[in-house]
Amino acid sequence: TTFDVVHDMPHPRPAMRKAGAKPGDIVFEGERDGQRYVGTAYIFSKSCGRQGYAVQGRVTEGDRGVVLEGEAPVLDDGCNVKSTRRDVLKFNYLQR
């Protein structure tokens with residue numbers, strides 16, 4: 001069974017706030033199929049806004065967490081992608 005998944009940030013960390021993230025901003029949206037997640041994660045830039053990139057990952061911690069990996073864009077001053085960097089996102093469910 002496949003279903004849609006959206007993770008938002010109720011309380012962005014200070015570094016993410018400085019980059020332009022606000023409470024409620026979406027950091028991942030995609031699908032879960034069994035133990036696998038596939039979708040789009042987002043980075044935040046004060047001058048360039050929210051930028052999406054492809055990620056995939058798996059359920060961890062006995063279905064209490066998710067680890068996603070992808071190549072996040074590195075932007076130049078004109079908001080163009082100048083390179084990418086490996087990014088790992090970890091989500092732990094506070095409630096289930």
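Cysteine 48 and cysteine 79 form a disulfide (a pair of cysteine sulfur atoms within 2.5 Å), with their sulfur atoms 2.0 Å apart. The model is predicted: local features need pLDDT of at least 70 and side-chain atom pairs count only at pLDDT 80 or more, while totals for chains, interfaces and linings use all residues. Residues are numbered from 1 along each chain as its sequence is written, and side-chain values use heavy atoms, with hydrogens and water left out.

The structure holds one disulfide. This pair links distant parts of the chain, 31 residues apart: cysteine 48 lies in the loop between E3 and E4, and cysteine 79 in the loop between E5 and E6. Strands (E, at least two residues) and helices (H or I, at least four) are DSSP runs, numbered from the N terminus. The torsion about the S-S bond of cysteine 48 and cysteine 79 is about -90 degrees, and the disulfide is therefore left-handed. Accessibility is classed by relative accessible area: buried is under 20%, exposed is over 50%, and partly exposed is in between (1.4 Å probe, protein chains only). Cysteine 48 counts as buried because its relative accessibility is 16%, whereas cysteine 79, with a relative accessible area of 27%, is partly exposed.

Strand E3 (residues 36–45) is mostly covered, with seven of its ten residues buried. Two strands are taken to pair if DSSP finds at least two bridges between them. E3 runs antiparallel to strand E2 (residues 26–33), to which six bridges join it; here aspartate 33 has arginine 36 of E3 as its bridge partner. The hairpin of E2 and E3 has two residues between the strands, and in this hairpin glycine 34 takes a positive phi near 65 degrees. E3 is also joined to strand E4 (residues 49–60), by ten bridges in an antiparallel arrangement. Tyrosine 37 has glycine 57 as its bridge partner in E4, and a hairpin connects E3 to E4 through three residues.

A nonpolar core is a set of buried Ala, Val, Leu, Ile, Met, Phe, Trp, Tyr and Cys residues joined through side-chain atoms within 4.5 Å. The largest such core has 18 residues, of which Phe28, Tyr37, Tyr53, Val55, Leu68, Leu89 and Phe91 touch the most other members. The elements giving two or more residues to this core are E2, E3, E4, strand E5 (65–75) and strand E6 (81–92). E3 supplies the largest share, four residues. Beyond its neighbours within four places in sequence, valine 55 is in contact with residues including Phe28, Tyr37, Val38, Leu68 and Leu89, where contact means heavy atoms within 4.5 Å.

The structure holds four salt bridges, each defined by a side-chain nitrogen of Lys or Arg within 4 Å of a carboxyl oxygen of Asp or Glu. One of them is between glutamate 69 and arginine 86, with an N to O distance of 2.7 Å. This pair links distant parts of the chain, glutamate 69 in strand E5 and arginine 86 in strand E6, 17 residues apart. Glutamate 69 is partly exposed at 31% relative accessibility, and arginine 86 is exposed at 57%. Arginine 85 forms a salt bridge with aspartate 87, the closest N and O atoms being 3.3 Å apart. In this pair, arginine 85 is partly exposed, with a relative accessible area of 39%, whereas aspartate 87 is buried at 14% relative accessibility. A salt bridge also joins the side chains of lysine 22 and aspartate 25 (4.0 Å, N to O); aspartate 25 is buried, with a relative accessible area of 16%.
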